[in-house]
Amino acid sequence: MGNCCSDDGGGRSAVGGTSASQHDHNDAVELFLKSRGYRGLFVQIELSLFASNLLDRDVLSKSDPMAVVYKKSKDGTLEELGRTEVVLNSLNPKWFTKLIINYQFEVVQTLVFRVYDVDTQFQNVDVKMLKLDEQQFLGEATCSLSEIVSKSDRSLTLVLVHREESIKSTRSQNLGELTVYAEELSSSKTAVEIVFSCSDLEYKDLFSRSDPFLVISKIVDGGICIPICKTEVIKNDLKPKWKSVFLNIQQVGSKDNPLTIECFNFNSNGKHDLIGKIQKSLADLEKLYSSGQGENFFLPTAVGNNHHNKVLKSQLFVDCFSETVQHTFLDYLAGGCELNFMVAIDFTASNGNPRLPDSLHYIDPSGRPNAYQRAIFEIGEVLQFYDSDKRFPAWGFGARPIDGPVSHCFNLNGSSNYCEVEGIQGIMMAYTSALSNVSLAGPTLFGPVISSAAQIASQSLVNGWQKYYVLLIITDGVITDLQETKDALVKASDLPLSIFILGVGGADFKEMEVLDADKGERLESSNGRVASRDIVQFVPFRDVQEFHLDLLVSNKACNRFMKGGSPLAKSLGSLRWPRQEKDCKEAFEVNLRTGYYQNQMGEESMIGKKEDDDCLGYEKRREKDEGVFGGTCEDTNDQSLNGHEDEDD
């Protein structure tokens, strides 16, 4: 399958270790440990963040804070480690997002925490894409990781100050406080799915029913409550039933660890009313599910110096409780799974004349890559390490091959029989050659290339191959076959296929985001079928310019992918065989025992069963055909462009 780790640092990063610089570790200590069988002196630490008394930067509401964590090197440079979510209207936020850091005993690991007030116009933007210089700075704090973990309760409260005052000063202005809690991660792949419901909740609003939601927290040493997840808000309902919540045993610690479940009434000003709470472990919740009984909420009350709990009529029920094993990306690789890379390139006329420098397809004589070439390198260099033969299907769409109609899925290599090219350089050569052999046309249609990729993935299941496919579609404009594309994606959602759409150029890609079901609403086909899972990740290339080409070389590309630094990571983050979870689990267990994937997928999930000579040429390894562009992976002709052959409709 290829070696993605060409050095010790790369190897450590790929399996969740640290890729330290030459100044970050003691070679003598490491050599001593290795000579005695030890392979790493670090543990994974999970950081939870809380803030209090933050500055209020908003006029009509409270600040909307987000925390960013950095690692500070000896030369003073900062490396971003992660960001929390944005908490709306709160000067005392408790962030749910946890940050994972590799703690090394023998290294001084200096951490810098910065808190920002995120402007309202950016609150629907992925936090990873936020430009920090466009947000209001609320404060900064600095400490070493050792300072946190050495505390008896592994909790450290820091004073937030201005950036220039982060070095200890006797006259620092207090901008609030940040509390950091550290906990060593236990190794567990068991996850629990729970469905909660309630009955007889109290009215908390004057003119309507309550708007309840649940917050689940774990109780750690010292009685500190660490929030780990929350449900959605259900409007005007005193008998709510929430969507499933998923808890990893690694988050909780064990099934016997106490949890606090609090029910709140949502208020838009951020001051949510506590309706009631209970304390139960996962084991207790499982018993509630088995018995079918509810548990009464209570409210802590104080009468004078006495504190007691007032038991309420409101009850919490567990409607579903199931345990599953969440297999990781490395588990699949260990079991023999391969990733197979495919690429489809937009050759529509809106890209501009390839002979002119302002074209997105312009080939610079100096060797500077254009946006399409960079995107191919960005993704291809990552995935090639996991593909044993490094033969990649490559297509173009939206162009008129020589002496032919407009094609919306033609083989990039010019062959009429097969669509594969050899390696990333093969894709680049085929792309450059295609620019000289086709005329840019239009419109922009995704359906044919998605169907072609889905057919290959379907054939893989039929043959029992243990492969997962990633299709990269690079495009400069909004598609014109939106519903046809949705239909193709819904069909493909049952297959081992993920699709990464990268938008290049300055177009407005908002309409494209409907294909990326990040907000929880899965795609629906024209006949009413809902996608079984989200297989699409859409990202405008201008939003990921920090992923420079010079950083995506050899093992570094693999490291970035494995650490989730690339947008591709989300597309593959839950890598698993589609269809029913039970079938996935059984198939994977068979695979681990035998090293071979047994096809347990239902025949009804297969699409594109009809053999297409062009696409099946991919699997048959046909001899290279040096002919001009003429073959298509889909029988698509000029679809009545009404005279607009030289520009997109």
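**Labels and their grounds**

Modeller: The model is predicted. Its secondary structure comes to 14 helices and 25 strands. Of the 649 residues in the protein, 51% are buried.

Biologist: What share of the contacts between residues at least 6 apart in sequence join residues at least 24 apart?

Modeller: That share is 73%. The accessible surface comes to about 30,500 Å². Carbon and sulfur atoms hold 48% of that surface.

Biologist: How many aromatic pairs does the structure hold?

Modeller: Eight. One of them joins F347 and F410.

Biologist: What makes F347 and F410 a pair, and why is the pair called tilted?

Modeller: The ring centres are 5.6 Å apart. Rings pair if their centres lie within 6.5 Å, so F347 and F410 qualify. The angle between the planes is 50°. Under 30 degrees would be stacked and over 60 edge-to-face, so 50° is tilted.

Biologist: Where do the two residues sit?

Modeller: F347 is in the loop between strand 17 (338-346) and helix 7 (371-383). F410 is in strand 20 (residues 410-411). They are 63 residues apart, and the pair links distant parts of the chain. F347 and F410 are both buried.

Biologist: Why is the F509 and F538 pair called tilted?

Modeller: The planes stand at 55°, which falls between 30 and 60 degrees, so the pair is tilted. The ring centres lie 5.6 Å apart.

Biologist: What does this pair tie together?

Modeller: F509 lies in the loop between strand 24 (497-503) and strand 25 (536-540), and F538 lies in strand 25. The pair therefore ties together parts 29 residues apart in sequence.

Biologist: How do you know whether F509 and F538 are buried or exposed?

Modeller: Buried means under 20% relative accessible area. F509 has 2%, so F509 counts as buried. F538 has 6%, so F538 counts as buried too.

Biologist: Which residues do ring pairs link into a cluster?

Modeller: F347, Y372, F410 and Y431.

Biologist: Which residues lie over the faces of Y70 and F137?

Modeller: R114 lies over Y70, at 5.3 Å from the ring centre. R163 lies over F137, at 4.4 Å from the ring centre.

Note on methods
Residues numbered from 1 in each chain as written. Predicted model: local features only at pLDDT ≥ 70, side-chain atom pairs only at ≥ 80, totals over all residues. Heavy atoms only, no water. Phe/Tyr/Trp six-rings, centres within 6.5 Å; stacked < 30°, edge-to-face > 60°. Helix = DSSP H or I, 4+ residues; strand = E, 2+ residues; numbered from the N terminus. Buried < 20%, exposed > 50% of the residue type's maximum accessible area, 1.4 Å probe, protein only. Lys NZ or Arg CZ within 6 Å of the ring centre and 35° of its normal. Contact = heavy atoms within 4.5 Å. Areas by Shrake-Rupley, 256 points an atom, 1.4 Å probe, with all protein chains shown as cover.
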